[in-house]
Amino acid sequence: MTHMHITSWALGLILFIVALILYKKNSDKPATIIHMILRLVYLFIIYTGGSLTWDYIQGFGMPELGEAIVKALAGLWLVVLMELILVSVKKGKGTTGKWVQFVIALIIVIILGFFRLPMGFYF
């Protein structure tokens, strides 16, 4: 499940960047298609992340439970921010605050997911 989650996140980030570039180039139709596909990928990200969090709660217990919950909430917030950023760019509105939140949430998710929680990868 971990590999599926990382794959869905990687695909989501790639599609997010492609949609962002297309919206900035005013290619609305291709950007909208990529954006719709990205919304389907969001479902995979949320499903696999929820499954991993549930497995973690069932298997590992209390010591890092707070970190697992913070990672899950930060991951959900990342998905929301990806959507908010794309919609704001499409409408021509400012995104500076959303980008700051995106970077902070991404750092939290990467640190907790890869380095702190036992179900991550060890480099």
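These legends describe close-up views of a predicted model.

**View 1. Packing of helix H1 against helix H3.** Helix H1, which covers residues 2–24, packs against helix H3, which covers residues 65–91, at an angle of about 20° and with the two axes 9 Å apart. Because angles under 35 degrees count as roughly parallel, H1 and H3 are described as roughly parallel to each other. Their crossing is left-handed.

**View 2. Residues in the contact of H1 with H3.** On the H1 side, the contact is made by residues including His-5, Trp-9, Leu-13, Phe-16 and Tyr-23, while the residues of H3 that take part include Lys-71, Leu-78, Met-82, Ile-85 and Val-89. Taken together, the residues of this contact divide into 12 nonpolar, 3 polar and 3 charged.

**View 3. The aromatic pair of Phe-16 and Trp-99.** The structure holds 3 aromatic pairs, and one of them, formed by Phe-16 and Trp-99, is tilted, with 5.8 Å from centre to centre and 55° between the planes. This pair links distant parts of the chain, since Phe-16 lies in helix H1 and Trp-99 in helix H4 (residues 96–116), 83 residues apart. Phe-16 counts as buried at 2% relative accessibility, whereas Trp-99, at 28%, counts as partly exposed.

**View 4. The aromatic pair of Trp-99 and Phe-102.** The ring centres of Trp-99 and Phe-102 are 5.5 Å apart and their planes stand at 75°, so this pair is edge-to-face. Both residues belong to helix H4, where being 3 residues apart separates them by about one helical turn. Phe-102 has 7% relative accessibility and therefore counts as buried. Through ring pairs, Phe-16, Trp-99 and Phe-102 are linked into a cluster.

Terms used
Residues are numbered from 1 along each chain as its sequence is written. This is a predicted model: local features need pLDDT of at least 70, side-chain atom pairs count only at pLDDT 80 or more; totals for chains, interfaces and linings use all residues. Side-chain values use heavy atoms; hydrogens and water are left out. Axes are lines fitted to C-alpha atoms, for helices over the stretch in contact, and angles run from 0 to 180 degrees between N-to-C directions. Helices (H or I, at least four residues) and strands (E, at least two) are DSSP runs, numbered from the N terminus. Angles under 35 degrees count as roughly parallel, over 145 as roughly antiparallel, 65 to 115 as roughly perpendicular and the rest as oblique. A crossing is left-handed if the near helix is turned anticlockwise from the far one by less than a right angle, and right-handed if clockwise. Contact means heavy atoms within 4.5 Å. Ala, Val, Leu, Ile, Met, Phe, Trp, Tyr, Cys and Pro count as nonpolar, Asp, Glu, Lys and Arg as charged, and the others, Gly among them, as polar. Rings of Phe, Tyr and Trp (its six-membered ring) pair if their centres lie within 6.5 Å; planes under 30 degrees apart count as stacked, over 60 as edge-to-face and the rest as tilted. Buried means under 20% relative accessible area, exposed over 50%, partly exposed in between (1.4 Å probe, protein chains only).
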